[in-house]
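Reader: I'm new to this one. Could you show it to me and walk me through it?

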Amino acid sequence: MLSAVLTGVLAYFGWRNRTTQVSVLFTLLMSATTLWTIGYALELICTDLPTNLLLNTIEYVGIVTVPVAWLLVILCYTGRAHYITLRNVILLSVIPAIVVLLVATNQYHFLYYSAVIPRIVSGSVVWVFLRGPLFWLHVTYSYLLLLISLILLASRFSGAPTIYRRQIALLGMAATIPVLVNLLYVASIDPVPGLDLTPFTFTCVGVIIALGLFRYQLFFILPVAYPQIFSAVSDGIVVTDTKGRILDLNPAAREITCDPGTEIIGTPLTVCFPQLPPIIAEETGCLTETHREIPIRQNGAPRYYDVVCRQLRVPGQSPTGHLFILRDITDLRTALNELETAHKKLNLLSSITRHDMMNKLTGLLFYIDLMKAQDDPEKISAYLPRLEEIARMIQNEIAFTHDYQDMGMKSPVWQDLSACISVAKSQVDLGGITVDNDCAGIEIYADPLFVKVIINLLDNAVRHGGSRLAAIRFSCQQNGDSLVVTCADDGAGIEETDKSRLFTRGFGKNTGLGLFLAREILQITGLTIRENGVPGAGARFEITVPLASFWLTGRT
């Protein structure tokens, strides 16, 4: 009864703290233990056989539940709670349910107990249940569950922090003491013949678990399940042996390399991660972490990874393999590239505002000084067109800095190419020039300022096409994995000597900034532009769009 009180208090304590799954399972374990202990205590008190048989049946509900509940507690404690499903619990309970049914109906078949005989123990009548053939079914099943539990506990002991090792040691003791005493009883080596001392050992179990609860926070601080951490880490983790064969890898690493459904374990590292073996070859002992940045193509586009290589070894022994940790730094690399681009843009803007504008302002001041030195109004008026020209050039420079400042500030977006051409047409004075658009059903991934590229191409054609210019045509054609967007006109064309400098800042008869700005906008998403028209037969600009930056939405 003292054992029952202790285990009953522990069951109540577990129920009061039932916020975690392990606490609920611990409550079930202690409740089953309490039922077993109380049932056996009442058996010893009662002397008539019918009451003993009834109490034995009730007691067996607790007896068969203890091994199952103990296994569930250990599964949860060792981080394997995902195995505790309704289906698995039902399967674990099949044999215990059969055992209780056999005990309740034993008087009709005597397969579980072959006989029940009275025996005098310390002056009292104790009914002794002789074991039948099916009794060993329950014994074998219960010991199997307890053995699995102890193996699971032992597997978590090695390498665990001190507090968890103490918890595991206490749980091992709490399980081992009743098992050893029960083994003696089952083997008929019990110190008191006919008396099962197993329920009495639950007093020790209660004291041990109470010590674990109040001293080592048992069931409140649970050991971390390293396999779950291995699977949950977002970085790719690959473990290899000394021959470069993959021993293990987590789901994140599988997504990096190839089809997650393929079997990778045991394959050479060169098959799935050809970028990693050179890191091993470069190592000279690899006693410390070694970092490398490598590109790996995924879905046709490169992604960049910071790889940590660490040699696996037990102190005093030869290396056993290598550990690779792959962290995706594509976004970081992109941000650094954008920062570098922004830095270049700031330098360019500084150059424009400081150098170019100062030159123009110097010219402006020069003409103002000349005007001050003149008394003739006609001569003064002769300088006004030049002053106006310089002022417009400054105005264009300032407009350019505004556009260039906005470039790359917003994330690239998918844009309907045909719609961009239509918008550009509405913003350029075309006069009687026709614009043909043969780019329907195509979207491209570009900076939001992409429409300014089209505007600049149209404006360039209108300004420099000459009097013969009558039509501008936009067309699209796939060239291998790329898309080529062509803007061709029937104007005067561009001289061969000018083509190499066409996209250079400052080159041209107007501001010298339009085509330079167009190239800069396109480069943000990897697009390129060139001019390959025939002088005298019209200009022809070709924009090459890489595979990842265009999409055919409705083209036939």
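Reader: Which handedness does the crossing of α2 and α3 have?

Author: First, this is a predicted model, where local features need pLDDT of at least 70, side-chain atom pairs count only at pLDDT 80 or more, and totals for chains, interfaces and linings use all residues. Residues are numbered from 1 along each chain as its sequence is written, and side-chain values use heavy atoms, with hydrogens and water left out. Helices here are DSSP runs (H or I, at least four residues), and strands are too (E, at least two), numbered from the N terminus. A crossing is left-handed if the near helix is turned anticlockwise from the far one by less than a right angle, right-handed if clockwise, and the one between α2 and α3 is left-handed.

Reader: How are α2 and α3 oriented, roughly parallel or roughly antiparallel?

Author: Their axes (lines fitted to C-alpha atoms over the stretch in contact, with angles from 0 to 180 degrees between N-to-C directions) come within 7 Å and cross at roughly 155°. Angles under 35 degrees count as roughly parallel, over 145 as roughly antiparallel, 65 to 115 as roughly perpendicular and the rest as oblique, so α2 and α3 are roughly antiparallel.

Reader: Which residue of β14 is the bridge partner of T528?

Author: Strands β13 (residues 528–531) and β14 (residues 540–545) pair in the antiparallel sense over four bridges; pairing takes at least two DSSP bridges. For T528, the partner in β14 is T544.

Methods:
Buried means under 20% relative accessible area, exposed over 50%, partly exposed in between (1.4 Å probe, protein chains only).
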